[in-house]
Amino acid sequence: MKGLRFKNIFFILLGSAIFGFGLVNFNMQNNLAEGGFTGITLLLYFLFNIDPSYSNLVLNIPLFFVGWKLLGRTSFYYTILGVISLSVFLWVFQRFPVDMPLKDDMTLAALFAGVFIGVGLGIIFRYGGTTGGVDIIARLVQKYIGWNMGKTMFLFDFLVIITSLIYYLTYTEAMYTLVAVFVAAKVIDFIQDGAYAAKGATIISTHNEEISAKIMQEMERGVTILKGQGSYSKQETNVLYCVVSKNEIFRLKQVITSVDPYAFVAVSDVHDVLGEGFTLDENKKPLER
């Protein structure tokens with residue numbers, strides 16, 4: 001069990017609880033489907049009244065034996081934790097449900113289903129866990145067939161939702177399911193990438209030294225000097241690269257234009273920023289967030 005961290009374990013449990021709560025109280029109460037193995041457990045529930053807390057375990061256990069080498073030891077342990085804890089929370093929330101009658105407002109039901117599932121899965125993924133299922137299958141397909149994981153997961157989700165439509169969903173419920181799946185995907189992306197999202201600025205100017213010095217002095221941000229060459233002129237030039245938080249990008253532009261109003265500046269989104277000023281302080285100690 002070496003390499004496991006209490007923080008990761010705690011957040012995987014928290015994510016599983018949020019995921020399980022949303023699945024029971026929004027998807028199951030309002031007849032909404034889902035993609036992946038979760039969708040299969042709901043399909044079995046609505047067709048044969050099989051408890052998802054049990055079918056989730058039964059479906060994933062064979063994959064543990066197939067996929068443990070692909071995941072790596074630490075990820076494998078976190079995946080086991082995610083699968084088992086999700087089954088436990090599904091069992092608990094089915095025995096102690098929260099009555100939220102949203103049948104007359106399916107838009108709200110779909111939005112909340114997407115948010116809860118997205119937040120839950122986003123937290124699980126961010127802290128190194130998975131809920132098994134399609135993730136393991138996608139890695140196997142990538143290894144032996146060459147398909148990228150996103151393609152496999154999309155195809156699997158599509159087939160599960162189409163099957164649900166054939167057997168128990170109405171067309172209206174299928175459309176609301178797609179809304180929930182879309183919202184969940186966006187929330188997962190936000191949870192995974194949004195916490196340390198920042199802006200990266202690429203700067204080309206004839207006053208690189210002055211701009212660099214002013215950024216470091218006034219904004220206390222580091223600047224990297226890259227070597228570049230003009231494609232047309234063939235002249236070598238220095239290119240500055242600087243990463244700042246989102247709320248500092250306006251100030252950065254002001255600093256640059258105060259030195260060189262004709263500087264070329266390209267600003268791009270930066271995700272999952274690690275290092276001094278973002279996750280570490282000036283003494284290389286982790287920042288509390």
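Reader: Given that helices (H or I, at least four residues) and strands (E, at least two) are DSSP runs numbered from the N terminus, which pattern does the protein follow when read along the sequence?
Author: This is a predicted model, in which local features need pLDDT of at least 70 and side-chain atom pairs count only at pLDDT 80 or more, while totals for chains, interfaces and linings use all residues. Residues are numbered from 1 along each chain as its sequence is written, and side-chain values use heavy atoms, with hydrogens and water left out. The secondary structure amounts to ten helices and four strands. Along the sequence, these elements follow the pattern α-α-α-α-α-α-α-α-β-α-β-β-α-β.

Reader: What percentage of the residues in the protein is buried?
Author: A residue is called buried under 20% relative accessible area, exposed over 50%, and partly exposed in between (1.4 Å probe, protein chains only). With that definition applied to the 289 residues of the protein, the buried share is 42%.

Reader: Among contacts between residues at least 6 apart in sequence, what percentage joins residues at least 24 apart?
Author: Contact here means heavy atoms within 4.5 Å. When the contacts between residues at least 6 apart in sequence are taken, the share that joins residues at least 24 apart is 73%.

Reader: Are H1 and H4 parallel or oblique to each other?
Author: Axes are lines fitted to C-alpha atoms, for helices over the stretch in contact, with angles running from 0 to 180 degrees between N-to-C directions; angles under 35 degrees count as roughly parallel, over 145 as roughly antiparallel, 65 to 115 as roughly perpendicular and the rest as oblique. H1 (6-28) and H4 (residues 73-95) pack with their axes 8 Å apart at an angle of about 40°. The relation of H1 to H4 is therefore oblique.

Reader: How many charged residues does the contact of H1 with H4 have?
Author: H1 passes H4 in a right-handed crossing, a crossing being left-handed if the near helix is turned anticlockwise from the far one by less than a right angle, and right-handed if clockwise. Among the residues that make the contact are Ile12, Phe19 and Val24 of H1 and Leu81, Leu86 and Phe93 of H4. Ala, Val, Leu, Ile, Met, Phe, Trp, Tyr, Cys and Pro count as nonpolar, Asp, Glu, Lys and Arg as charged, and the others, Gly among them, as polar. By class, the contact has 15 nonpolar and six polar residues, and the number of charged ones is no residue at all, or none.

Reader: Does H1 pass H5 in a left-handed or a right-handed crossing?
Author: The axes of H1 and H5 (residues 106-126) come within 7 Å and cross at roughly 160°, which makes H1 roughly antiparallel to H5. Residues including Phe11, Gly15 and Phe26 in H1 meet residues of H5, among them Phe112, Phe116 and Ile124, and the contact has 16 nonpolar, five polar and no charged residues. The crossing of H1 past H5 is left-handed.

Reader: How many charged residues are in the contact of H9 with H10?
Author: The axes of H9 (residues 208-219) and H10 (residues 249-259) come within 9 Å and cross at roughly 140°, which makes H9 oblique to H10, and the crossing is right-handed. The contact includes Glu210, Lys214 and Glu218 of H9 and Arg251 of H10. Beside seven nonpolar residues and one polar residue, the charged residues number four.

Reader: Is Asn31 buried or exposed?
Author: Asn31 sits in the loop between H1 and H2, and its phi is near 60°, a positive value in a residue other than glycine. Because its relative accessibility is 16%, Asn31 counts as buried.

Reader: Is Glu220 buried or exposed?
Author: Glu220 is placed in the loop between H9 and strand S2 (224-229), and its phi is positive, near 55°, in a residue other than glycine. Because its relative accessibility is 69%, Glu220 counts as exposed.
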